[in-house]
Amino acid sequence: MTSQPMTFADDEAVRDLRLQLRRMIDEHLPAAFHGAFVNGRQGQDMADAFCRRLAEENLLTMSWPRAFGGADASVWEQTALREEMWAHHEPRGAQYMGLNWVGPAIMRFGTPAQREAHLAAIANGDSTWCQGFSEPEAGSDLASLRLRARPTGEGEWRLDGQKIWTSYASLAQWCFLTARTDNSGSKHHGITVFLVPMDRAGVTVREIDSMLGPHHLNEVFFDDVAVARAEILGELHRGWDVIRFVLAHERIGIARYARSERILSLLAEYLPGDDDPEADALRAVHARLMVKARTARLMNYRAIASTTTAEVPGGVSTARLTTTLLDQEVAALALEILGEEGLYDDDLAPLEAWAEEAWRYARSATIASGTSEVQRLLIARAMTGEGAR
Amino acid sequence: MNRDWPADALAFEESVAASLRARGGIELTRACEADPSRRESELRPLIDSLGFAEIDFRAGEVEAAAAALGAKAAGQVVAPWPLVAQLAGATDGPGAVYLVDGAPRRAPHLDLVTGAVAVDLGDGSCRALEALGPVARMPLDPFGTPCRVGAVVDCPADAVAGHVVLSAFYVLGALETAIGLASAYSVERHQFGRAISSFGAVQWRLADLSGARSALAELAAFTLSRLIDGSATMADLWGLRLTMIEAAETVLADAHQVLGAIGLCEEHDVTVIDRHLQGVLRRPFGRAATNAALAERVAAEGFDLLYPVAPRAASAA
């Protein structure tokens, strides 16, 4: 019999794309760029400018279907894009959410008017979205959300309640908001998704200072906020269908392993010399984590491939769990290798003061977008046949 | 990127697994441990009939994949046969390849093979390996055969690579069996009025079992592909071996915890798997030495990532 040879290498198109992206990053972003939100407005401006450059090269929405102005990029081209962006501090800034899942959700569930209103703005890098999912009493248990949308007749609803941990809320023009419109059935029924402008009367954002840096965590309050039927995405009370689509679209998550690989590569230059008593121990950990980083990437590739081939039970959660734990181990190693210098965020700090920011951000790796506990629960359920992934 | 196994290799894996199951699976392993002569009388005809002797992992992708998946199927029942050592050998070279670190006192199943060689990972030498007597059964070394090394002989350059990669698949098979037993038991076993799989602490262990298995499965397939295309470095190989050891430590320890006392009984398959794997995990050396070897090879060769690490000498220059 004949078969295609097994290969784990990038094909030519993916290799070329990586080179193009690295060239653009090199040309358009300063070495000290640590992400759109580390340095306030200046970082956001850089991210916006970079998004426009990507749009000019038809790379910003390359994952979108051609019918919506995308490039129908292959799953591996999309993967390479995610990897290169995350390895370089996600220079698309908050817009990655609009590109990755808000846009696709509007393509899938949106009315012609909603598509008209939002898709071009996202594709041009002109609109920033935040995700209004988590609430004080609804974190991992998303379906327990309480923010209420009250019908007033006249095809209008009034929103009352609070969202929390809402990243980029103070920067966003739009909120992809989940609200409770009906309490009569199961908790998964009666949820509705609204597309709400953040400047609407009654919306208040309060930033929460955190170790992650500015703009990462916010509270958003909705006080008698008017929303119209035309702002409902999908069907009334059927928002859980939309949420499931979004979660499936976000199933792989950000390519944290790519940043881990880049940090490990950069750290190699800082490993101690032969006469240092810590040299053997640190080199051993560094080498071990490089293997783990490679393995995490392969596990993510398996999860990505499982969208088109036989599914691996719990594979997505297994990949996420491995990747997030790796993120923390690599960040810890960076501080271990750099020592006191790794704590500093000034101009003299090694690695452009990247290590301390990576370490702070890594604290959230096993919490954001599904805690490690939830991932383990999903894996165990898949193993014992007790539920979906 | 194509991550699919060749159909012929998958068919071979199923054939090996079905044949071993038909002969009793791990029960046959248990019987061979009690009476090592049954390896010769019962396993040899089976191994011969499956065609392992005709498989050459150097002969291209399909045969390399068949060797790997055949080793995995054998590992599922910790088949008491020196399959990996034989597969790492060559039709026109050594009949079996053993990896050692210094002069070994014992080598598993050496009484079953002819033309065995020992590759010393310390000095790189390859020497004839000779059995000095019958198997001397010990709990953690059930088929260890007293041995000595002899004259320096030729050895194929890729024998070490083949041995390391195929061992990883053998261990992967064994771990998959242990995971299946632990997860099935977690559903069957009820305590405090419900299946123990419903307790968070047990779910945590099940998830870690799965993660360890997936890590080893993915890295083993990747490293095999590098072995096939000739790009596997020693750093790649020691990275795989380290992952194999860590996966086995996690799976065996956590499977025992899920199974509780029943898993410690000789009549339970996890006990047999656990004991029989220890030699594979310790020879030629264990976790710490493997990690040190990995670090040494990374310094010498670099390591291929999305952002590759250069060899230390080159990066320092």
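In chain B, strands β2(B) and β5(B) (residues 144-152) run antiparallel and are joined by three bridges. This is a predicted model, by the way. One spot to look at along that pairing is B:P108, which sits opposite B:G144 in β5(B).

The core has 213 residues, and A:A334, B:L216 and B:A220 have the most contacts inside it. Its largest share, 17 residues, comes from α6(B). If you skip the neighbours within four places in sequence, B:A220 is in contact with B:V165, B:A168, B:F169, B:L172 and B:L240.

Over in chain A, strand β1 (residues 129-132) runs parallel to strand β4 (residues 174-180), and four bridges join the two. A:W129 has A:W174 as its bridge partner in β4(A). Which way do the residues of β1(A) point? A:W129 and A:Q131 go one way, A:C130 and A:G132 go the other, and all of them are buried.

| Domain of chain A | Residues |
|---|---|
| domain 1 | 12-93 |
| domain 2 | 131-238 |
| domain 3 | 251-384 |

Taken over C-alpha atoms, the centres of domain 1 and domain 3 of chain A are separated by 21 Å. Where they touch, ten residues of domain 1 of chain A are in contact with eleven residues of domain 3. On the domain 1 side, the touching residues split into six nonpolar, two polar and two charged.

Finally, a look at A:R238, found in the loop between β8 (232-233) and α6 (239-249) of chain A. Why does A:R238 count as partly exposed? There are 18 C-beta neighbours inside 10 Å of A:R238, and buried would take 20 or more, while exposed means 12 or fewer. Between the C-alpha atoms of A:R238 and A:A382 there are 26 Å, with the two residues 144 apart along the chain.

Notes. Residues numbered from 1 in each chain as written. Chains lettered and ligands numbered in written order. Predicted model: local features only at pLDDT ≥ 70, side-chain atom pairs only at ≥ 80, totals over all residues. Pairing = 2+ DSSP bridges. Core = buried A, V, L, I, M, F, W, Y, C linked by C-beta atoms within 7 Å. Contact = placed C-beta atoms within 7 Å. Domains from an automatic or database assignment. Nonpolar A, V, L, I, M, F, W, Y, C, P; charged D, E, K, R; others polar.
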